[in-house]
Amino acid sequence: MLIIAQPKTGSSALVKTVAEILGGHGHISVKRDAKEKRPEEFAELHKWHSTIAERPRWKLRGWAYARDRVIKEHVPPTGSQMDWIAGLSCNVLFQFREVEDSLDAYRRFGERNKKKLDLKKIEQELNYFQHRWHELCINQPWQYKAVWYDELVLDYDNAMTSILYHFDINVPPEIPELKKVYYTGVGEQRLGKTITGTEKTV
């Protein structure tokens with residue numbers, strides 16, 4: 001099962017939670033092979049997410065059709081990647097977030113780690129990433145489901161139930177809380193929700 005996530009959406013938390021419910025493995029990212037091309041359209045994002053790369057068709061298919069594990073990756077919406085994802089016959093989940101909120105996460109990351117980020121370029125690349133993949137979700141919503149960060153925070157049980165249905169995973173009587181992996185909680189606080197049980201923050 002494959003989750004294609006816009007960067008800085010809390011997707012690591014989501015994949016670990018879905019994997020726990022599935023009783024399988026949850027992979028936050030898969031290391032880029034040296035032969036896998038770095039897309040120039042996302043050069044700035046690639047500086048901070050080295051797994052943003054054009055993956056071979058066989059690898060994308062293997063991730064998407066797997067039933068014993070969930071893989072989350074920032075698959076870039078380049079021509080080949082979009083063609084191969086659109087050619088699948090299984091369901092794929094996409095996770096998005098308002099770009100200004102993702103951008104704020106990068107801004108805080110830069111300040112906290114004393115890193116200089118080109119925020120203007122990151123904003124452009126995030127907008128392009130979101131627009132291209134979201135268009136696929138709009139055209140084929142029964143196969144390519146979009147879930148937004150705000151939904152997971154403000155209507156968690158319903159959002160998670162819809163995700164499990166999309167992946168044909170049995171919904172447990174009680175849905176476990178979202179696992180707080182690589183999660184600062186600032187986004188939830190901005191939406192007026194207080195978080196507890198943070199496993200790891202960066």
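How many aromatic pairs does a search of the whole structure find? Good morning, colleagues. The model before you is a predicted one, and a search across the whole of it returns 7 aromatic pairs.

Five strands make up an open sheet, and their order is S2-S3-S1-S4-S5, with parallel pairing.

Are the residues on the two faces of S1 buried or exposed?

I turn now to the aromatic residues. In the pair formed by Phe-42 and Phe-129, the ring centres are 6.0 Å apart and the planes stand at 80°, so the arrangement is edge-to-face. Phe-42 belongs to the loop between strand S2 (25-27) and helix H2 (43-48), whereas Phe-129 belongs to helix H6, residues 119-139; the pair therefore ties together parts that are 87 residues apart in sequence. Both Phe-42 and Phe-129 are buried.

A second aromatic pair, Phe-94 with Trp-133, is tilted, with 5.1 Å from centre to centre and 40° between the planes. Since Phe-94 lies in strand S4, residues 92-96, and Trp-133 lies in helix H6, this pair ties together parts that are 39 residues apart in sequence. Phe-94 and Trp-133 are both buried. They also belong to a cluster linked by ring pairs, whose members are Phe-94, Phe-96, Trp-133, Tyr-144 and Trp-148.

Arg-97 lies over the face of Tyr-149, at 4.1 Å from the ring centre. Lys-8 lies over the face of Tyr-106, at 5.5 Å from the ring centre.

Next, the charged pairs. In general, side chains of opposite charge can pair when their charged atoms come close. How many salt bridges does a search of the whole structure find? There are 11 salt bridges. In one of them, the side chains of Lys-59 and Glu-36 meet at 2.7 Å, N to O. Lys-59 is in helix H3, residues 57-65, and Glu-36 is in the loop between S2 and H2, so this bridge ties together parts that are 23 residues apart in sequence. Both Lys-59 and Glu-36 are buried. The two are also part of a network of salt bridges that links Asp-33, Glu-36, Arg-55, Lys-59 and Glu-73.

Another salt bridge joins Glu-44 to Lys-47, with 3.0 Å between the closest N and O atoms. Both residues lie in helix H2, 3 residues apart, which is about one turn of the helix. Glu-44 counts as buried because its relative accessibility is 6%, whereas Lys-47, with a relative accessible area of 57%, is exposed. A further salt bridge brings together the side chains of Asp-68 and Arg-69, at 3.2 Å from N to O. Asp-68 is partly exposed, at a relative accessible area of 46%, and Arg-69 also counts as partly exposed, at 27%.

Which of its residues are buried? They are Tyr-156, Ala-159, Met-160, Thr-161, Ile-163, Leu-164 and His-166. The elements that cover these buried residues include helix H1 (11-22), S4, S5 and helix H7 (149-154). Just after H8, Asp-168 adopts a positive phi of about 60°. Thank you for your attention.

Definitions and conventions. Residues are numbered from 1 along each chain as its sequence is written. This is a predicted model: local features need pLDDT of at least 70, side-chain atom pairs count only at pLDDT 80 or more; totals for chains, interfaces and linings use all residues. Side-chain values use heavy atoms; hydrogens and water are left out. Rings of Phe, Tyr and Trp (its six-membered ring) pair if their centres lie within 6.5 Å; planes under 30 degrees apart count as stacked, over 60 as edge-to-face and the rest as tilted. Helices (H or I, at least four residues) and strands (E, at least two) are DSSP runs, numbered from the N terminus. Buried means under 20% relative accessible area, exposed over 50%, partly exposed in between (1.4 Å probe, protein chains only). A charge sits over a ring if NZ of Lys or CZ of Arg is within 6 Å of the ring centre and within 35 degrees of the ring normal. A salt bridge is a side-chain nitrogen of Lys or Arg within 4 Å of a carboxyl oxygen of Asp or Glu. Two strands pair if DSSP finds at least two bridges between them. Contact means heavy atoms within 4.5 Å.
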